[in-house]
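Let's take a friendly walk through this model, one region at a time. Have the sequence and the 3D view open side by side as you read.

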Amino acid sequence: MLKKIRVPSVAVYQGDELLYRGTVEDLPMEHSVVIQKSIQFFDDANPCYIHETAVRVRLIAEIEERIRQGKGVLELIKDYSVYHHADKVDIP
């Protein structure tokens, strides 16, 4: 039988304001970070769809690993996503 993979969800806040609630996979990433990581991983400053997707997969995997570890999630979300001003993350 196939095992269903659970995709972690997050709720991102600034103060009491909910900025984002959804899966880590759908978290909007900062485009400049994707470009920076594309240069780092692929030496590609103008990434094609495949490289952009590969970068997103790596960034998502890093956030998911932090969720499993139970620490440092907010820092990565602030670094990688468009929510630089977030000050709290809940993991339901």
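## About the model

This is a predicted model, in which local features need pLDDT of at least 70 and side-chain atom pairs count only at pLDDT 80 or more, while totals for chains, interfaces and linings use all residues. Residues are numbered from 1 along each chain as its sequence is written, and side-chain values use heavy atoms, with hydrogens and water left out.

## Helix α2

Helix α2 covers residues 49-69; helices here are DSSP runs (H or I, at least four residues) and strands are runs of E (at least two), numbered from the N terminus. The expected span of a helix is 1.5 Å times one less than its number of residues. For the 21 residues of α2 that gives 30 Å, which agrees with the 30 Å between its end C-alpha atoms.

Which residues of α2 are buried? They are Val55, Leu59, Ile60, Ile63, Glu64 and Ile67, where buried means under 20% relative accessible area, exposed means over 50%, and partly exposed is in between (1.4 Å probe, protein chains only). Their cover includes β1, α1 and α3. Tyr49, also in α2, is exposed at 67% relative accessibility. The C-alpha atom of Tyr49 is 30 Å from that of Leu18, although these residues are 31 apart along the chain. Just after the helix, Gly70 has a positive phi of about 80 degrees.

## A salt bridge on the helix

Searching the whole structure turns up 1 salt bridge, meaning a side-chain nitrogen of Lys or Arg within 4 Å of a carboxyl oxygen of Asp or Glu. The partners are Glu65 and Arg68, with 3.1 Å from N to O. Both belong to α2 and sit 3 residues apart, about one turn of the helix. An α-helix has 3.6 residues a turn, so residues three or four places apart point the same way. Glu65 is partly exposed at 35% relative accessibility, whereas Arg68 is exposed at 60%.

## The nonpolar core

In soluble globular proteins, nonpolar side chains tend to be buried together. Here the largest nonpolar core holds 21 residues, and Val10, Val12, Met29, Ile63 and Ile77 have the most contacts inside it. Such a core is a set of buried Ala, Val, Leu, Ile, Met, Phe, Trp, Tyr and Cys residues joined through side-chain atoms within 4.5 Å. Two or more residues come from each of β1 (9-14), β2 (17-23), α1 (31-42), α2 and α3 (73-80), and α2 gives the most, with 5 residues.

Take Val10 as an example. Beyond its neighbours within four places in sequence, its contacts (heavy atoms within 4.5 Å) include Tyr20, Ile67, Ile77, Val89 and Ile91.

A polar atom of the Ser81 side chain lies 2.6 Å from the backbone oxygen of Ile77, and one lies 3.0 Å from the backbone nitrogen of Tyr83. Leaving out residues up to four places away in sequence, Ser81 touches Leu27, Pro28, Met29, Glu30 and Leu76.

Asp43 is in the loop between α1 and α2 and is exposed, with a relative accessible area of 70%. Although Asp43 is not a glycine, its phi is positive, at about 55 degrees.

How values were computed. A polar contact is a pair of N or O atoms within 3.5 Å; within protein, one must be able to donate a hydrogen and the other to accept it, and residues adjacent in sequence count only if both atoms are side-chain atoms.
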